[in-house]
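I opened my notebook to go through this protein piece by piece. The entries below follow the order in which I looked things up.

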Amino acid sequence: MRRSLLLPLLAPLLFLAACGQQRVGMPGGGGSGDGGFQQRAAAVARAWRLNPPDQDWTHGFVPLQDLALPPADGFPDVATKQAFQAGLFRLKGSLPDTPASGSVRFPDGSLLRVPVVGARTAYRLLDRGGAACNGPTTPPPARDSQPATPSGGVTSTSLGPCTALTVTGARLSTAPLRTSRGVATVPVWLFTVEGLSGPVGRVAVSPDAVGQVPEPPALPSLPADARLEAAQDLIGVGGESLRFRVGVSPCDKDVRARVLEDDGVVVVGASFSRTYGSPCPAIMMLDPVRVTLTAPLGGRLVVDVVTGRPLALNPAAQAP
């Protein structure tokens with residue numbers, strides 16, 4: 001992303017000063033059987049305090065959720081939802097592709113002027129190869145959504161029978177989006193799709209004006225406890241409620257969501273117990289869990305306790 005040389009130089013210091021107080025919680029109470037969560041989460045939070053995000057975090061546009069937006073009313077069936085998550089679209093007709101300028105409005109009322117791509121370019125960013133589907137039957141497995149700009153590449157290899165969503169038109173509008181500066185109002189292209197009651201959206205901000213979520217800092221040599229589950233993504237943020245998914249195996253029991261709150265970062269994960277003595281399938285299932293924060297999330301970064309990596313909001317995971 002392009003950066004202004006006039007941005008204040010005090011943001012890292014302010015971030016450090018704001019990150020002192022920590023609060024640890026777990027739905028249903030705490031205890032010593034937390035899988036080592038508290039110790040590791042405190043170390044992860046401290047690593048982020050010592051390595052604050054750059055100037056883009058407090059002065060630019062850094063999305064903290066996927067840039068492809070599902071329809072407000074959800075999907076009519078599983079195949080359609082999977083096609084959206086896999087980025088399988090077809091275009092019927094043509095779309096304008098005239099770039100323009102727009103604004104991102106943040107919760108504090110401040111505006112950031114940003115370049116806006118045309119509808120055709122936004123469609124290319126949304127589509128991951130729907131033209132290669134040669135039938136409307138069995139959908140492919142959904143790929144995980146990416147927190148920043150999705151790939152715009154279109155493969156020429158046939159995917160076999162699969163569902164693709166047919167786009168018939170587009171209009172420029174705005175939509176709320178979770179960012180490093182809170183929930184902002186951003187320009188989006190809304191695409192009309194055959195068979196859907198509402199449009200599918202794609203953030204219209206040009207990719208070169210989109211800041212990247214920071215990489216996790218180097219963590220201390222503290223091994224992750226084998227009883228800790230890593231958080232995979234966020235699926236819901238509302239008020240003090242935070243919902244996320246953890247990767248579990250069929251043998252994991254008593255999965256309990258865990259959270260450590262800091263003024264600048266929120267560390268999440270889960271503890272579990274495991275049944276031994278019989279073979280366990282080597283598969284990972286995504287288990288949705290919920291924690292309650294002591295204050296609204298705001299622009300705080302949510303990170304995984306095992307890897308320290310930031311988690312992006314994936315609203316399509318919970319769309320009906």
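**Entry 1: helix α4**

I started with what covers the buried residues of α4, and found that the cover includes β2 (68-69), β3 (89-91), β6 (165-179) and β8 (200-203). I count contact as heavy atoms within 4.5 Å. Buried means under 20% relative accessible area, exposed over 50%, and partly exposed in between, with a 1.4 Å probe and protein chains only. Helices (H or I, at least four residues) and strands (E, at least two) are DSSP runs, numbered from the N terminus.

A note on the source: this is a predicted model, where local features need pLDDT of at least 70, side-chain atom pairs count only at pLDDT 80 or more, and totals for chains, interfaces and linings use all residues. Residues are numbered from 1 along each chain as its sequence is written, and side-chain values use heavy atoms, with hydrogens and water left out.

Which residues of α4 are buried? I listed T80, K81, A83, F84, Q85 and A86. I then picked T80, which sits in α4 (residues 78-86). T80 counts as buried because its relative accessibility is 10%. Beyond its neighbours within four places in sequence, T80 is in contact with F75, L165 and L196.

I checked both ends of α4. At its start, a side-chain oxygen of D77 comes to within 3.3 Å of the backbone nitrogen of A79. After α4 comes G87, with a positive phi near 70°.

**Entry 2: the whole protein**

Next I stepped back. I found five helices and 15 strands in the protein. It has 320 residues, and 48% of them count as buried. For contacts with a separation of 6 or more, 77% are between residues 24 or more positions apart. The protein exposes about 14800 Å², and carbon and sulfur atoms supply 55% of that. The accessible areas come from the Shrake-Rupley method with a 1.4 Å probe; for residues, only the protein chains shown count as cover.

**Entry 3: helix α2**

I tested the length of α2 (residues 37-50). The expected span is 1.5 Å times one less than the number of residues. The 14 residues of α2 should therefore span 20 Å, and the end C-alpha atoms are 20 Å apart, which agrees. The buried residues of α2 include F37, A41, V44 and W48.

**Entry 4: a hairpin**

I moved on to β4 (residues 100-105) and β5 (residues 111-116), which pair in the antiparallel sense over six bridges. Two strands pair if DSSP finds at least two bridges between them. Which residue of β5 is the bridge partner of G102? I found V114. β4 and β5 form a hairpin with five residues between them, and G109 in the turn has a positive phi of about 95°.

**Entry 5: D97**

D97 is in the loop between β3 and β4. It is partly exposed, because its relative accessibility is 34%. D97 and G118 are 21 residues apart along the chain, yet their C-alpha atoms are separated by 3.9 Å. Leaving out residues up to four places away in sequence, D97 touches G118, A119, R120, T121 and R124.

I also looked at the side chain of D97. One of its polar atoms lies 3.4 Å from the backbone nitrogen of R120. The side chain of D97 also reaches the backbone nitrogen of T121 at 2.8 Å.

**Entry 6: an open sheet**

I traced an open sheet of three strands, in the order β10-β11-β14, with antiparallel pairing. Its edge strands are β10 (231-238) and β14 (285-292), and each pairs on one side only. β10 and β11 (residues 241-248) pair over six bridges. L234 stands opposite F244 in β11.

V246 is also in β11. Is V246 buried or exposed? It counts as buried, because its relative accessibility is 0%. The C-alpha atoms of V246 and L286 are separated by 5.5 Å, and the two residues are 40 apart along the chain. Among the residues that V246 touches are A230, V255, L286 and V289.

**Entry 7: D254**

Most residues other than glycine have a negative phi. D254 has a positive phi of about 55° although it is not a glycine. I placed D254 in β12 (residues 252-262). D254 is partly exposed, with a relative accessible area of 46%.

Technical notes
Polar contact = N/O pair within 3.5 Å; in protein donor to acceptor, adjacent residues only side chain to side chain.
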